[in-house]
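Please look first at the open space in the structure below, and then at the residues packed behind it. The paragraphs that follow take these topics in turn.

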Amino acid sequence: MHNGFMRVDDVAQELGVSKSYAYKIVRKLNAELKEMGYMTVAGRVSKKYFLEKVCYGEKERK
């Protein structure tokens with residue numbers, strides 16, 4: 001993880017998936033963020049948003 005963002009390699013490792021599948025996940029999450037009005041960076045995704053979407057976020061722990 002770099003500066004609050006996860007790269008595709010980080011996503012692939014965290015989920016145990018291929019790099020090509022991790023790219024699809026990052027694109028999907030960034031599309032969701034963009035739709036909500038956030039600025040996104042290709043090939044990277046917010047770690048906080050990623051963790052919330054894969055059920056590791058605060059909302060799921062309660």
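In the lining of the largest pocket, β2 provides the largest share, three residues, and both α2 (19-35) and β2 (44-46) supply at least two residues each; helices (H or I, at least four residues) and strands (E, at least two) are DSSP runs numbered from the N terminus. This is a predicted model, in which local features need pLDDT of at least 70 and side-chain atom pairs count only at pLDDT 80 or more, while totals for chains, interfaces and linings use all residues. Residues are numbered from 1 along each chain as its sequence is written, and side-chain values use heavy atoms, with hydrogens and water left out.

By class, the lining has eight nonpolar, three polar and one charged residues, where Ala, Val, Leu, Ile, Met, Phe, Trp, Tyr, Cys and Pro count as nonpolar, Asp, Glu, Lys and Arg as charged, and the others, Gly among them, as polar.

Helix α2 also holds Glu32, which is buried, with a relative accessible area of 19% (buried means under 20%, exposed over 50%, partly exposed in between, with a 1.4 Å probe and protein chains only). Not counting residues up to four places away in sequence, Glu32 touches Tyr49 and Lys53, contact meaning heavy atoms within 4.5 Å.

Leaving aside neighbours within four places in sequence, Val11 is in contact with Met6, Ala22, Ile25, Val26, Val45 and Phe50.
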